[in-house]
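Trainee: I would like to go through the reasoning behind some of the terms used for helices. Can we take a case and check each term against its cut-off?

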Amino acid sequence: MPSCSPTRNPFTAEETPAVAVSFEGLSKSFGDHVVLKDITFNVEPGEIFVLMGPSGSGKSVLLKHIVGLEAPTSGRVLLDGHDAADEEVRAQIRIGLVFQAGALFNSLTVYDNLALYLREHRLSTEPKIREKVMHALKILSLENTAAKFPSELSGGMKKRVAIARALVMEPQLLLYDEPTSELDPVMSATISEIIAALKDEYHVTSIVVSHDRDLARSIADRVGILMDGKLMHLGPPSTLQNPSDPRLKDFLNPKIDLKNPRFKKLET
Ligand SMILES: Nc1ncnc2c1ncn2[C@@H]1O[C@H](COP(=O)(O)OP(=O)(O)OP(=O)(O)O)[C@@H](O)[C@H]1O
Ligand SMILES: [Mg+2]
C-alpha cells in the first residue's frame with residue numbers, strides 16, 4: 001500500500017470553475033416509450049440541485065444525457081452554453097459521475113480505482129497521483145481502505161470510494177445517482193455532509209439524483225421533481241413542505257395502507 005500522509009490540499013478551487021448546466025426542451029423516448037417530455041431548466045454554477053421523482057421517472061436517463069451516455073430524441077443539454085452531445089465539449093469539462101451502483105473495478109484496489117483516471121490521462125506524476133488519491137481518501141475517511149478490493153468493503157464504503165474517485169479528477173461538475181440508497185440514516189447523513197462540503201471547498205456544480213428527502217431538505221439549493229416525464233416541481237427545499245399538487249403530496253408523504261385490497265389472497 002502506498003504510504004503518504006497528506007498535509008495540504010493538492011486540489012485548487014481556482015483551477016476548477018463550476019459549470020452551468022442547461023436543459024433546453026429535452027425529450028427522450030425509447031421506441032414508443034416516452035421517458036422525458038420537453039424538460040427545460042437551468043442548474044447554476046456552484047449550485048447543489050437535487051432531482052427527485054418516482055422510480056422509473058427518468059432521473060438516471062436525464063443524468064446520462066449530461067455525460068453523453070444517452071442522446072436526446074429532441075432538445076439539448078448545454079454545458080456552459082455548449083452542447084453536451086458534442087464529445088469535444090465534454091472533453092473540455094471535468095465531469096465526475098458517481099454511479100447508482102458505484103461501478104468500481106473489482107479487480108483493482110481502492111487506491112488503483114482512484115488512480116486510474118489520472119494515470120490513463122497522464123495528468124500527474126506518480127508522487128502527485130499518490131498525494132491526490134490519499135487526500136481524496138482522507139476527505140472520505142477511507143485512508144485505511146487504500147489496499148483493499150471493492151469486494152472487501154461495505155456498501156457505504158463503496159459509495160464513499162465512488163465519490164472519492166470522482167473527486168480525484170478535480171471535477172467542475174459532480175453528478176450523483178442515488179448516493180445514499182441502501183445506506184443507514186447515519187451514513188446517509190454523512191454522505192449528505194460530504195456532498196455539501198465538496199461544494200463549499202471545491203465550488204463544483206452538483207446534481208444529485210435521490211429519493212432521500214432528508215438529503216434534499218438539508219443540502220439542496222433547489223429541488224426538481226420529475227413525474228410522468230415532466231419537471232413537476234422546481235424550487236428551494238422549503239417548497240417541499242406543503243405541495244399543492246396531490247400527486248406531489250402523495251410522492252413526498254406516501255401513506256401506508258395496511259388494508260390495501262391489492263394484498264388480499266387470491267380466491268382459490
Ligand atoms: N436503454 C434503455 N432502453 C430502453 N428503456 C430504457 C433505457 N434506459 C432506461 N429506460 C427506461 O426509461 C425509464 C426511466 O429509467 P431511469 O433509469 O431513468 O429511471 P429512474 O428515475 O432513474 O428510476 P430509479 O429511481 O428506479 O433509479 C424506465 O422505464 C426505464 O425502463
Ligand atoms: Mg435511477
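This is a predicted model: local features need pLDDT of at least 70, side-chain atom pairs count only at pLDDT 80 or more; totals for chains, interfaces and linings use all residues.

Trainee: Why are helix 3 and helix 4 called oblique to each other?

Mentor: Helix 3 (residues 110–120) and helix 4 (residues 126–139) pack at an angle of about 130°. Roughly perpendicular covers 65 to 115 degrees and roughly antiparallel starts over 145. The pair is therefore oblique. Their axes are 10 Å apart, and helix 3 passes helix 4 in a right-handed crossing.

Trainee: Which residues make the contact?

Mentor: Helix 3 gives Tyr111, Leu114, Ala115, Leu118 and Arg119, while helix 4 gives Ile129, Lys132, Val133 and Ala136.

Trainee: How do you know that the span of helix 4 agrees with its 14 residues?

Mentor: At 1.5 Å a residue, helix 4 should span 20 Å, and its end C-alpha atoms are 20 Å apart, so the two agree.

Trainee: Why is helix 4 called largely enclosed by the rest of the structure?

Mentor: A residue is buried if 20 or more other C-beta atoms lie within 10 Å of its own. Ten of the 14 residues of helix 4 are buried, so the description holds. Among them are Ile129, Val133, Met134 and Leu137.

Trainee: What do the buried residues of helix 4 pack against?

Mentor: They pack against helix 3 and helix 5 (155–168).

Methods. Residues are numbered from 1 along each chain as its sequence is written. Chains are lettered from A and ligands numbered from 1 in the order in which they are written. Axes are lines fitted to C-alpha atoms, for helices over the stretch in contact, and angles run from 0 to 180 degrees between N-to-C directions. Helices (H or I, at least four residues) and strands (E, at least two) are DSSP runs, numbered from the N terminus. Angles under 35 degrees count as roughly parallel, over 145 as roughly antiparallel, 65 to 115 as roughly perpendicular and the rest as oblique. A crossing is left-handed if the near helix is turned anticlockwise from the far one by less than a right angle, and right-handed if clockwise. Two residues are in contact if their C-beta atoms, placed from the backbone, lie within 7 Å. The expected span of a helix is 1.5 Å times one less than its number of residues. A residue is buried if 20 or more other C-beta atoms lie within 10 Å of its own, exposed if 12 or fewer, and partly exposed in between; C-beta atoms are placed from the backbone.
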